[in-house]
Amino acid sequence: MSNLADTYLGMIGKRKLYPPLNGYSAFLQGSEYNTQKYFKKWYEDTVKPDLFIHMKEGYSQVWISEDDVRRASEFAFKEYLHDPKFFERRCTYIMDSIKKLDELYNKNTYKKINSTDWETLFTLINEVRDSIWDVNAAVFFTIYLDKQLCVDILKKEKYPISEEELNVLWEKAVEPAFESFDKAQLSDFLKLVKDAVPRDEMIEKSQYILSDYHSARTLAEVEKVLHTRYANYIDNQGVAVNALKLEIEEVENMVAAHEEWLQNLPENERTVAYYLQTVMKIRDRRKNFFAKGMTIMYRIAERMFNEANIDRNLIPYYTVHELIKGVEYLKSKSGDLSDRKKGFQWLVPYAGDVQGLNIDIDTGVQKINTYFKDSHSTGIDSGLIRGQSGFKGIVKGKVRVVLNVNSDHGFTQGEILVAGMTRPEYVPLMKIAAGMITDEGGITCHAAIMSRELKIPCIIGTKIATKILKDGDMVEVDADKGIVKILK
């Protein structure tokens, strides 16, 4: 079998690639979430995100087409403008799914999973996988939406709002007026302390907080982090109760102020502003939803790997699709899994058979990264990298490129955080960064929302910052203009 990177580049044709997802594992990303089974009912076969992974120990990239990301955004926005009731049904389905998964997460503890027969667990895996991937398809449209794309869609649909009116509306419309995912995590934890939940149960219920697209952490790791992150509350019920009350009041006041602003807008502007806020809220809400689904399946994987006498650290190289094949199948893949640590590729077409190959990935990585960089080469000009403003402000500092937040990146306070995209596990770094630069863009991206909350200068949507900037580079982040100037 030839290098699957070549196969993938041939498959996508002339489509541009979305900035790579760095530090993700095959466990979920390789489990066919991008397939027709989940996407067709939401996008009528107009969005076909073929997916490619190359991964080895300490490194991974996941690729999808930027064209498909944009098509999904256009599809849903047009759906909202033409049939808001159908769009509301989409949103209701998403929120209902979140509630159902919460119930499954609270029910399926380690004790429950370890005492359940495998047939029942396989049914549970299928239920959780289908839930998170169906919702993922439903919310795929939230991955990217910026002002220019919004302008383009409104013009095509001849919607009665001018670009000037949108410019005036924009800044307030994209100011988050909802409880962010990390605030929701804090609220969940404070409720556990308030209710005097036993320590072991508290740690296990909070496990999802540290789960990401790579892996779920052990309970010992979770306990250690919680003792640091929530040190002020973990042994002080009174402080936790007061903090929870303040959190609730803050969210209520924020939502009320935004609703009052909305009601004072003309109907056409209110319609657009409501959509922008909804898109941001849905994308943010999915983070904890995914983390809980990931945690349930990871708990089952841990039991299976333990029974097969295989190191749990190999779980990220396995896929949920393979997990359902059972313990004996896992045993038969033991040697193959060890080889995957040295390098493997996983190709998941929108429609077609999954292909996997154990291979040195360096050549494939170079080919796809070169293709990506060349297709987005207009992003840099005379020492300037252009993007969009996530949160305004100007700051100078040294760059630290963090592609894998789980590795030793050496990030220190006051540096400029550069990442392909940020995710929940980046938050501790974001809180000590002087500024942020990301490849990913759009009003819904995690960096944009968190920079507004943390009030630090942020430039998003550069496409290629992680390919140009190196650790130690001195830069000026002019988030007022959306320009990164390389000083040294």
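Tutor: The cover over the buried residues of helix α5 includes α3 (36-43), α4 (66-82), α7 (118-139), α11 (199-205) and α14. Contact here means heavy atoms within 4.5 Å. Helices (H or I, at least four residues) and strands (E, at least two) are DSSP runs, numbered from the N terminus. This is a predicted model: local features need pLDDT of at least 70, side-chain atom pairs count only at pLDDT 80 or more, and totals for chains, interfaces and linings use all residues. Residues are numbered from 1 along each chain as its sequence is written, and side-chain values use heavy atoms, with hydrogens and water left out.

Start with the geometry of α5. The helix holds 24 residues, 84-107. The expected span is 1.5 Å times one less than the number of residues.

Next, the buried side. Buried means under 20% relative accessible area, exposed over 50%, and partly exposed in between (1.4 Å probe, protein chains only). In α5 the buried residues are F87, R90, C91, I94, S97, I98, L101, L104 and Y105. An α-helix has 3.6 residues a turn, so residues three or four places apart point the same way.

T295 is found in helix α14, residues 267-307. Its relative accessibility is 0%, so T295 counts as buried.

D45 is partly exposed, with a relative accessible area of 24%.

Finally, the whole chain. It has 21 helices and 14 strands. Its radius of gyration, taken over C-alpha atoms, is 22 Å, close to the 23 Å that the globule rule (2.2 Å times the number of residues to the power 0.38) gives for 488 residues, so the chain is as compact as a globular protein of that length. The C-alpha trace spans about 65 × 60 × 50 Å along its principal axes. Buried residues make up 58% of the 488. Of contacts between residues at least 6 apart in sequence, 71% join residues at least 24 apart.
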